[in-house]
Amino acid sequence: MATGRTHRPATRSRGIPEATVARLPLYLRALTALSERSVPTVSSEELAAAAGVNSAKLRKDFSYLGSYGTRGVGYDVEYLVYQISRELGLTQDWPVVIVGIGNLGAALANYGGFASRGFRVAALIDADPAMAGKPVAGIPVQHTDDLEKIIKDNGVSIGVIATPAGAAQQVCDRLVAAGVTSILNFAPTVLSVPDGVDVRKVDLSIELQILAFHEQRKAGEETAAGDGALPAATTRGDSADQGPDGDVPAVMPA
């Protein structure tokens, strides 16, 4: 079985735009749901609606994959699942380590969706000596003293950081030095990494703050409408909120 240390996805070498890459998991999720319902084909309009994008953008995205639907028939669901899975590197095994096994880290370890999506939790790592050897999701927690050996022994290239903010950069540095080239960061801090290392940040508090902003704006618009005045702010569908390709700018920085 191939591992993430011996093969990398070909999306960058094939010139697929990052915005398209970011939408591929959305298409795959929608297609997987259709596949589970034994739906054989799907139109671009139906799939775009399920993925939350417009159909023109979907067709352009799929053109980068060399995938064109059949007029009057649509796209073959199973073939698209395979194509997108292959482009995302999900047709092979990607061992992952999770560092920081507090409440969030333990929840991630117990998440059942990793295995079905091409990811294997190879190790759980924590700095607390009292955690060493304790099973979480059936996997014994290992101490951070062994981090480098764990990375090497399991051929890990993807690390998940779920530590407190103060420890995240040091953990990141050790992961990178040990050979990890992709990091999913749940710690509420910005990580500094060298060229060639990809970081995706998930900050739930930021997402909630952005939702609070929209809630406040909607409340203000309702108040203004009740007073018979036009709202000063544009709505989310206006071009002022949109990025260069017509998307609302991403709220989760990479």
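Visitor: Which residues are buried in α9?
Guide: His214, Arg217, Glu221 and Ala224 are buried in α9. Buried means under 20% relative accessible area, exposed means over 50%, and partly exposed lies in between, with a 1.4 Å probe and protein chains only. Helices are DSSP runs of H or I with at least four residues, strands are runs of E with at least two, and both are numbered from the N terminus.

Visitor: What kind of model is this?
Guide: This is a predicted model: local features need pLDDT of at least 70, side-chain atom pairs count only at pLDDT 80 or more, and totals for chains, interfaces and linings use all residues. Residues are numbered from 1 along each chain as its sequence is written, and side-chain values use heavy atoms, with hydrogens and water left out.

Visitor: Back to α9. What span should the helix have?
Guide: Helix α9 covers residues 204-226, which is 23 residues. At 1.5 Å a residue, α9 should span 33 Å. The expected span is 1.5 Å times one less than the number of residues. The end C-alpha atoms of α9 are 33 Å apart, so the two agree.

Visitor: Which salt bridge partner does Lys218 have?
Guide: Lys218 pairs with Glu215, with the closest N and O atoms 2.7 Å apart. A salt bridge here is a side-chain nitrogen of Lys or Arg within 4 Å of a carboxyl oxygen of Asp or Glu.

Visitor: How far apart are Lys218 and Glu215 along the helix?
Guide: They are three residues apart in α9, so about one helical turn separates Lys218 and Glu215. An α-helix has 3.6 residues a turn, so residues three or four places apart point the same way.

Visitor: How many salt bridges does the structure hold?
Guide: The structure holds seven salt bridges. One of them joins Lys149 and Asp153, with the closest N and O atoms 2.6 Å apart. Both residues sit in helix α7 (residues 147-154), four residues apart, so about one helical turn separates them.

Visitor: Is Lys149 buried or exposed? And Asp153?
Guide: Lys149 is exposed, with a relative accessible area of 55%. Asp153 is exposed, at 51%.

Visitor: What about Asp203 and Lys201?
Guide: Their side chains meet in a salt bridge, 3.6 Å from N to O. Asp203 is buried, with a relative accessible area of 11%. Lys201 is buried at 10%.

Visitor: Which lining residues are closest to its centre?
Guide: Of the 13 lining residues, the closest to the centre are Ala127, Thr144, Thr163, Ala167 and Val171. The elements that give two or more residues to the lining are β4 (119-126) and α8 (165-178). α8 gives the most, with four residues.

Visitor: What's the lining like by class?
Guide: It has seven nonpolar, four polar and two charged residues. Ala, Val, Leu, Ile, Met, Phe, Trp, Tyr, Cys and Pro count as nonpolar, Asp, Glu, Lys and Arg as charged, and the others, Gly among them, as polar.

Visitor: Where is Thr144, and what does Thr144 contact?
Guide: Thr144 is in the loop between β6 and α7. Thr144 is buried at 12% relative accessibility. Leaving aside neighbours within four places in sequence, Thr144 is in contact (heavy atoms within 4.5 Å) with Ile125, Asp126, Ala127 and Arg174.

Visitor: Backbone now. What is phi of Ser38?
Guide: Phi of Ser38 is near 60 degrees, a positive value in a residue other than glycine. Ser38 is in the loop between α1 (18-36) and β1 (41-42). Ser38 counts as exposed at 64% relative accessibility.

Visitor: And phi of Ala137?
Guide: Phi of Ala137 is near 55 degrees, also positive in a residue other than glycine. Ala137 lies in the loop between β5 (135-136) and β6 (139-143).

Conventions
1 Å grid on protein atoms, 1.4 Å probe; cavity = no way out; pocket = protein on both sides within 12 Å on 5 of 7 lines; lining within 4 Å.
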